[in-house]
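Reader: Hey, I've just opened this one and I'm new to it. Could you walk me through it?

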Amino acid sequence: MNPSRPFILRPVATSLLTVAIVLAGLVAYRLLAVSALPQVDYPTMQVQTFYPGASPDVMASAVTAPLERQFGQMPGLKQMTSTSSSTSSVITLQFDLNLALDIAEQQVQAAITAATSFLPTDLPNPPIYSKVNPADAPILTLGLTSSALPLTSVQDLADTRLVPKISQLPGVGLVTLSGGQKPAIRIQVNPARLAANALTLEDVRIAVANASVNQAKGSLDGPRQAFTIGANDQLVTSDQYRNLVIAYRGGAPVHLSDVADTVDDAENLRQAAWMGVEPAVIVNIQRQPGANLIQVVDRVKLLLAHAPGHPAQLGEGGDPERPQPPPSGPRSTTSSSS
């Protein structure tokens, strides 16, 4: 029997069937998933430990090794990888897919508690664990640079203004900054001048720690009114630190400027990021599970296009025929991945 005979004898039905198949294909094409990876909740945990001033060898022997010994005893652990670098240790734990993530979190917390007695006693903070999904790669990367502002100011603006705005967009799950340009005040002590005043580095550290605090100041109570003291004793600029009194010698005060230089700089000078050949602050944007990747990227680009000072936005009273000067604030370039 010829399989084409029924279609030849019924040309109208064949035409209608063809149109129906084409329409069904168009509808199905619009419903295709944007992401190539399925939505799977991988039971993967990441444990981060920070130990300021420690070398990679110290991190590997004093922090990473005790934690690995405890993590290795957990049931259901499929793979464990670790990275020990200067001042930080990162351990990635991948569990079997049959293990629930809540149970994996409880096991990791119990292992960290058991390893506490083997970790250094001067560790500033306990190890931090968080859930990591390998499928959640950044969908959009922004590089922020400026020809008028230092990178520390660019990162401060991105952290306080840009990141909160992007995080409010529908479909945006996580926004992180990288580049190591967090603003800070660096105190560069001169050992010779310190020794000449019979002082040590510990004296400087205690004086600085006691001078810049933000704690409760109490309240003033009266028969009719009561006031809460809202003073802030924190020092926020390098000029304020220069006049800080470290100690008294011979009845005269020894200021911090007498034994050290204070500068406004980055918190970690050994971290940096580049956009091409230009130093920059990197903003990584991740989407929420199940969100449309293309729509999220379009929303972020639309937000950037309407941001004040963006090259794509014309200022008030501007002439479309006249080229506008480049903005003096941070500028950004985007790079998206699907």
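Reader: Where does the model come from, and what is the mean pLDDT of the protein?

Author: It's a predicted model. The mean pLDDT is 82, and 86% of the residues reach 70 or more.

Reader: Which elements have the lowest and the highest mean pLDDT?

Author: Strand β16, residues 331-336, has the lowest, at 56. Helix α3, residues 56-71, has the highest, at 92. There's also a stretch to treat separately: over residues 311-328, pLDDT stays under 50. For that stretch the model has 14 contacts beyond four places in sequence.

Reader: OK. How many helices and strands are there?

Author: Ten helices and 16 strands. The protein has 338 residues, and 25% of them are buried. Looking at contacts between residues at least 6 apart in sequence, 71% join residues at least 24 apart.

Reader: What about the largest nonpolar core, which residues touch the most other members?

Author: Those are Ile-166, Val-172, Ile-285 and Val-300, out of 22 residues in that core. Two or more residues come from each of β5 (140-145), α5 (151-167), β6 (172-178), β15 (281-287) and α10 (293-305).

Reader: And which of them gives the most?

Author: That's α5, with six residues.

Reader: Let's zoom in on Ile-166. What is it in contact with, leaving aside its neighbours within four places in sequence?

Author: Ile-166 is in contact with Leu-142, Val-172, Val-175, Ile-285, Val-300 and Leu-303. Apart from this core lies another one, of 21 residues, with Met-45, Ala-111, Ile-112 and Leu-123 among them.

Reader: Where does Ser-146 lie?

Author: In the loop between β5 and α5. Ser-146 is buried too, with a relative accessible area of 13%. The C-alpha atom of Ser-146 is 9.7 Å from that of Glu-278, although the two residues are 132 apart along the chain.

Reader: Changing topic: how do α3 and α4 cross?

Author: Their axes come within 9 Å and cross at roughly 130°, with α4 covering residues 101-115. That makes the two helices oblique to each other, and α3 passes α4 in a right-handed crossing.

Reader: Which residues meet there?

Author: From α3 you have Pro-66, Leu-67, Gln-70 and Phe-71. They meet Val-108, Ala-111, Ile-112, Ala-114 and Ala-115 in α4. Ala-111 and Ile-112 are also among the residues of that other core.

Reader: What about Ala-198, what is its phi?

Author: Ala-198 has a positive phi as well, of about 55°, and isn't a glycine either. You'll find Ala-198 in the loop between α6 (191-196) and α7 (201-211).

Reader: Is Ala-198 buried or exposed?

Author: Exposed, with a relative accessible area of 56%.

Notes: Residues are numbered from 1 along each chain as its sequence is written. This is a predicted model: local features need pLDDT of at least 70, side-chain atom pairs count only at pLDDT 80 or more; totals for chains, interfaces and linings use all residues. Side-chain values use heavy atoms; hydrogens and water are left out. A nonpolar core is a set of buried Ala, Val, Leu, Ile, Met, Phe, Trp, Tyr and Cys residues joined through side-chain atoms within 4.5 Å. Buried means under 20% relative accessible area, exposed over 50%, partly exposed in between (1.4 Å probe, protein chains only). Helices (H or I, at least four residues) and strands (E, at least two) are DSSP runs, numbered from the N terminus. Contact means heavy atoms within 4.5 Å. pLDDT is the predictor's confidence in each residue, from 0 to 100. Axes are lines fitted to C-alpha atoms, for helices over the stretch in contact, and angles run from 0 to 180 degrees between N-to-C directions. Angles under 35 degrees count as roughly parallel, over 145 as roughly antiparallel, 65 to 115 as roughly perpendicular and the rest as oblique. A crossing is left-handed if the near helix is turned anticlockwise from the far one by less than a right angle, and right-handed if clockwise.
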